[in-house]
Amino acid sequence: MRNEPIDLATAFGAFDQLWSPRIVTRVNDYDVRIAKVAGEHVWHAHDDTDEFFLVLDGELRIALRDGEGGAEREVLLRKGSVYVVPRGVRHRPSAPDGASILMFEPTGTSSVGDRHDPVPEHVDATTGHAL
Ligand code: NI
């Protein structure tokens, strides 16, 4: 495979599906994934990995619940913000007005984690798609 620069604007222009991450490249055993998002994702947790978010456009909200019965809180990530959801923490991303995001996570990580609420139809419960 040739190693060429990837223009993210072009990559975002190549798909329309929401909550359906595209793998743009890999770093060691991590995927670099991009996604268009709008509305709500699903509550879920990744038992074995942290999850890195970078907001490229718009605003992303991430609701968080620490532990069983833990209090819920929400972080707001404006354009240009990064945030890491620690492993095991239940979270639900949302973007009322839409956002474009970039994520780092180990190759093979499911976008709905290892534990999740019933997955709604608008959420793609895969491990990412090739561009
Ligand atoms: Ni997640």
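Contact here means heavy atoms within 4.5 Å. With that in hand, welcome to a short tour of this predicted model.

**Strand β8 and its partners**

- Strand β2 (residues 30-40) runs antiparallel to β8, and ten bridges join the two. One point to look for in the viewer is G39, which stands opposite A95 of β8.
- Strand β4 (residues 51-58) is also antiparallel to β8, with six bridges between them. Here L54 has L102 of β8 as its bridge partner.
- Strand β5 (residues 60-65) is joined to β8 by five bridges, again in the antiparallel sense. In this pairing L64 stands opposite H91 of β8.

- Five bridges connect strand β1 (residues 22-27) with β2, and the two run antiparallel. Within this pairing, T25 has V32 of β2 as its bridge partner.
- β1 and β2 make up a hairpin with two residues between them.
- β1 also pairs with strand β10 (residues 129-130), this time in the parallel sense and over two bridges.

**The cavity**

- The structure has one cavity of 30 Å³ or more, and the space in the largest cavity comes to about 120 Å³. Its lining is made of 14 residues, and those closest to the centre are W19, H41, F53, M103 and S111.
- Strand β8 returns here: it gives five residues to the lining of the largest cavity, the largest share. β2, β4 and β8 each supply at least two lining residues.
- By residue class, the lining of the largest cavity holds eight nonpolar, four polar and two charged residues.

**H46, a buried loop residue**

- H46 sits in the loop between β3 (44-45) and β4. Its relative accessible area is 4%, so H46 is buried, the cut-off being under 20%.
- The side chains of H46 and E51 are joined by a polar contact of 3.0 Å.
- Leaving aside residues up to four places away in sequence, H46 touches E51, R87, G88, H91, E105, T109, S110, S111, G113 and D114. Two names in that list have come up already: H91, the residue of β8 opposite L64, and S111, one of the residues closest to the centre of the largest cavity.

**Two residues with a positive phi**

- As background, most residues other than glycine have a negative phi.
- W19 has a positive phi, near 50°, and is not a glycine. W19 lies in the loop between α1 (8-12) and β1, and its relative accessible area of 5% makes it buried. W19 is also among the residues closest to the centre of the largest cavity.
- N28 has a positive phi of about 50°, although N28 is not a glycine either. N28 belongs to the loop between β1 and β2, in the turn of their hairpin.
- Is N28 buried or exposed? N28 has 76% relative accessibility, so it counts as exposed, the cut-off being over 50%.

Note on methods
Residues numbered from 1 in each chain as written. Predicted model: local features only at pLDDT ≥ 70, side-chain atom pairs only at ≥ 80, totals over all residues. Heavy atoms only, no water. Pairing = 2+ DSSP bridges. Helix = DSSP H or I, 4+ residues; strand = E, 2+ residues; numbered from the N terminus. 1 Å grid on protein atoms, 1.4 Å probe; cavity = no way out; pocket = protein on both sides within 12 Å on 5 of 7 lines; lining within 4 Å. Points joined across faces, edges and corners; volume = space filled by probe spheres on them. Nonpolar A, V, L, I, M, F, W, Y, C, P; charged D, E, K, R; others polar. Buried < 20%, exposed > 50% of the residue type's maximum accessible area, 1.4 Å probe, protein only. Polar contact = N/O pair within 3.5 Å; in protein donor to acceptor, adjacent residues only side chain to side chain.
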